[in-house]
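Here is my note on the model you sent. Please read the points with the structure open beside you.

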Amino acid sequence: QVQLVESGGGLVQAGGSLRLSCEASGSIVGLISTGWYRQAPGKQRELVAGITSYGTTNYVDSVKGRFTISRDNAKNTVYLQMNSLKPEDTDVYYCNLVAMKFMRPTEYWGQGTQVTVSS
């Protein structure tokens, strides 16, 4: 069973930076992609940034130029470097991993980490 453990969330002032980490453990076969989502109460979870197994990245428009997703394959860890944070970035951030299981793409989720940006 794949497990994802996030860390790095917290409280920061507007304009500040945080780096989120997501360490994966367990048997990961056929990695497809990893990514970070965020969700505010009462809203749908949205993709913030993703990185494929080939290293292709994509970002939601609101974070382009401010956030960077990266991956350390040796540590089975994906990072989200968040700079120039804004109050509207306040959310619970979830790590996501998609990999093959029994020949089907399967999603795994972390428990979430709170990011709060004060104005």
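**Notes on the predicted model**

1. Phe-102 is exposed, at 72% relative accessibility. The cut-offs are these: buried is under 20% relative accessible area, exposed is over 50%, and partly exposed lies in between, with a 1.4 Å probe and protein chains only. Phe-102 sits in the loop between strand 9 and strand 10 (104–109). Its phi is near 50°, a positive value in a residue other than glycine. For context, most residues other than glycine have a negative phi.

2. A word on the ground rules. This is a predicted model, in which local features need pLDDT of at least 70 and side-chain atom pairs count only at pLDDT 80 or more, while totals for chains, interfaces and linings use all residues. Residues are numbered from 1 along each chain as its sequence is written, and side-chain values use heavy atoms, with hydrogens and water left out.

3. The fold is built from strands. The protein chain has 11 strands and zero helices. Both are DSSP runs numbered from the N terminus: helices are H or I with at least four residues, strands are E with at least two. Read from the N terminus, the order is β-β-β-β-β-β-β-β-β-β-β. The radius of gyration is 14 Å, close to the 14 Å that the globule rule gives for 119 residues, so the protein chain is as compact as a globular protein of that length. That radius is taken over C-alpha atoms, and the rule is 2.2 Å times the number of residues to the power 0.38.

4. Now the overall numbers. Along the principal axes, the C-alpha atoms fill a box of roughly 45 × 30 × 25 Å. Of the 119 residues, 39% count as buried. The accessible surface is about 6600 Å², and 50% of this belongs to carbon and sulfur atoms. Areas come from the Shrake-Rupley method with a 1.4 Å probe; for residues, only the protein chains shown count as cover.

5. Which share of the contacts between residues at least 6 apart in sequence joins residues at least 24 apart? The share is 54%. Contact means heavy atoms within 4.5 Å.

6. Charges come next. There are 11 positive and 9 negative side chains, and the centres of the two sets lie 3 Å apart. Lys and Arg count as positive, Asp and Glu as negative; His and the chain ends are not counted. Each charge is placed at NZ of Lys, CZ of Arg, CG of Asp or CD of Glu.

7. How many disulfides are there? The count is one, taking a disulfide as a pair of cysteine sulfur atoms within 2.5 Å. Cys-22 and Cys-95 form it, with their sulfur atoms 2.0 Å apart. The pair links distant parts of the chain: Cys-22 is in strand 3, Cys-95 is in strand 9 (residues 91–101), and 73 residues separate them. The link is left-handed, with -85° about the S-S bond. Both Cys-22 and Cys-95 are buried.

8. Look next at Ser-21, in strand 3 (residues 18–25). Ser-21 counts as buried, at 14% relative accessibility. Leaving out residues up to four places away in sequence, Ser-21 touches Val-5, Glu-6, Ser-7, Trp-36, Thr-77, Val-78 and Tyr-79.

9. The loop between strand 8 (77–82) and strand 9 holds Ser-84. Ser-84 has a positive phi of about 50° although it is not a glycine. Its relative accessible area is 40%, so Ser-84 is partly exposed.

10. Asp-89 also lies in the loop between strand 8 and strand 9. Is Asp-89 buried or exposed? Asp-89 counts as buried, at 1% relative accessibility. Beyond its neighbours within four places in sequence, Asp-89 is in contact with Arg-38, Arg-66, Phe-67, Ser-84, Val-115 and Val-117.

11. Ser-53 belongs to the loop between strand 5 (46–52) and strand 6. Ser-53 is partly exposed, with a relative accessible area of 33%. Its C-alpha atom is 5.3 Å from that of Ile-32, 21 residues away along the chain. Not counting residues up to four places away, Ser-53 touches Leu-31, Ile-32, Ser-33 and Arg-71.

12. Last, Ser-62 lies in the loop between strand 6 (57–59) and strand 7 (67–72). Ser-62 is partly exposed, at 39% relative accessible area.
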